[in-house]
Amino acid sequence: MKDELVIQSRPKSNISEDIRTIRTNLQFTANEKNSKVLLVTSSVPGEGKSFISSNLAVAFAQNGERVLLIDGDLRLGRINRIFNIPNERGLSNLLVNNDSIDLAEYIKKTKVSGVYVIPRGTVPPNPSELLDSSNYKIIMEILKKNFDRIIIDGVPVNGLPDSLIMASSADRVIIVCACNYTNIDELNETKKALEKIEANIAGVIVNRAPTTKRGKYSNYYQ
């Protein structure tokens with residue numbers, strides 16, 4: 001399988017440099033005390049949010065942070081495949097079992113120093129209800145005390161409520177779109193939906209932009 005953790009496998013590439021630039025922008029565009037939890041979402045599937053989430057997690061860890069990456073896509077999440085870790089006993093199982101006491105059993109250590117993952121787990125019949133439960137909020141508060149940075153790989157906003165629900169427990173939200181793929185109307189609808197719930201939108205990352213001197217990925221921050 002293709003190695004998507006380019007910031008680790010190709011640290012000197014333009015793509016890796018862009019990821020580090022995004023990390024730096026996130027660190028210096030807000031009060032760090034109120035920016036621990038980042039939700040990464042998109043408008044529709046296929047825009048590259050899991051790629052961005054995973055590489056950002058590694059980038060923050062390379063900067064000395066203890067990072068937890070949570071696969072918040074309880075339907076089609078693939079963070080476990082990117083990091084090559086087991087998917088059993090993931091977020092869905094944690095929420096169903098309300099197992100805040102044995103929370104550590106659901107956190108997987110990866111081969112990347114400083115990066116830990118909670119995979120999506122077994123696909124549940126009611127993802128939205130699980131994420132909208134008091135269990136989720138309680139667990140997030142516990143996790144915030146044990147990690148320097150939490151990155152949630154959410155689901156596309158258009159058509160599903162999951163990321164809007166998770167946004168309420170996130171300090172900032174990043175929207176990923178893809179050049180020559182994302183429809184501008186869909187992107188605007190995503191922005192409006194997040195603004196409606198008063199989510200703190202950190203900015204938009206434009207994925208798969210044409211190659212320039214800065215590489216294949218570009219970013220914009222408000």
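Here is a short chat about reading a few features of this predicted model.

Colleague: Let's start with serine 92. Is serine 92 buried or exposed?

Modeller: Buried means under 20% relative accessible area. Serine 92 comes out at 2%, so it counts as buried. You'll find serine 92 in helix H5, residues 91-97.

Colleague: Which backbone oxygen does the side chain of serine 92 reach?

Modeller: That of threonine 122, at 2.5 Å. Setting aside residues up to four places away in sequence, serine 92 also touches others, including Leu74, Arg120 and Pro124.

Colleague: What about the nonpolar core? Which residues touch the most other members?

Modeller: In general, nonpolar side chains in soluble globular proteins tend to be buried together. Here the largest nonpolar core has 33 residues, and Ile70, Leu143, Ile150 and Ile152 touch the most other members. Helix H7 (residues 134-144) gives the most to this core, with four residues. There's also a second, separate core of 31 residues, with Ile19 and Ile79 among them.

Colleague: And how many salt bridges are there?

Modeller: A salt bridge pairs a side-chain nitrogen of Lys or Arg with a carboxyl oxygen of Asp or Glu within 4 Å; by that rule, the count is eight. Take aspartate 153 and lysine 49, whose side chains meet at 3.4 Å, N to O. Aspartate 153 sits in strand S5 and lysine 49 in helix H3, 104 residues apart. Both aspartate 153 and lysine 49 are buried.

Colleague: Where do lysine 144 and glutamate 141 lie, and what separates them?

Modeller: They lie in helix H7, three residues apart, so about one helical turn separates them. Lysine 144 and glutamate 141 form a salt bridge too, with the closest N and O atoms 3.5 Å apart. Lysine 144 is partly exposed at 22%, and glutamate 141 is partly exposed at 42%.

Key:
Residues are numbered from 1 along each chain as its sequence is written. This is a predicted model: local features need pLDDT of at least 70, side-chain atom pairs count only at pLDDT 80 or more; totals for chains, interfaces and linings use all residues. Side-chain values use heavy atoms; hydrogens and water are left out. Helices (H or I, at least four residues) and strands (E, at least two) are DSSP runs, numbered from the N terminus. Buried means under 20% relative accessible area, exposed over 50%, partly exposed in between (1.4 Å probe, protein chains only). A polar contact is a pair of N or O atoms within 3.5 Å; within protein, one must be able to donate a hydrogen and the other to accept it, and residues adjacent in sequence count only if both atoms are side-chain atoms. Contact means heavy atoms within 4.5 Å. A nonpolar core is a set of buried Ala, Val, Leu, Ile, Met, Phe, Trp, Tyr and Cys residues joined through side-chain atoms within 4.5 Å.
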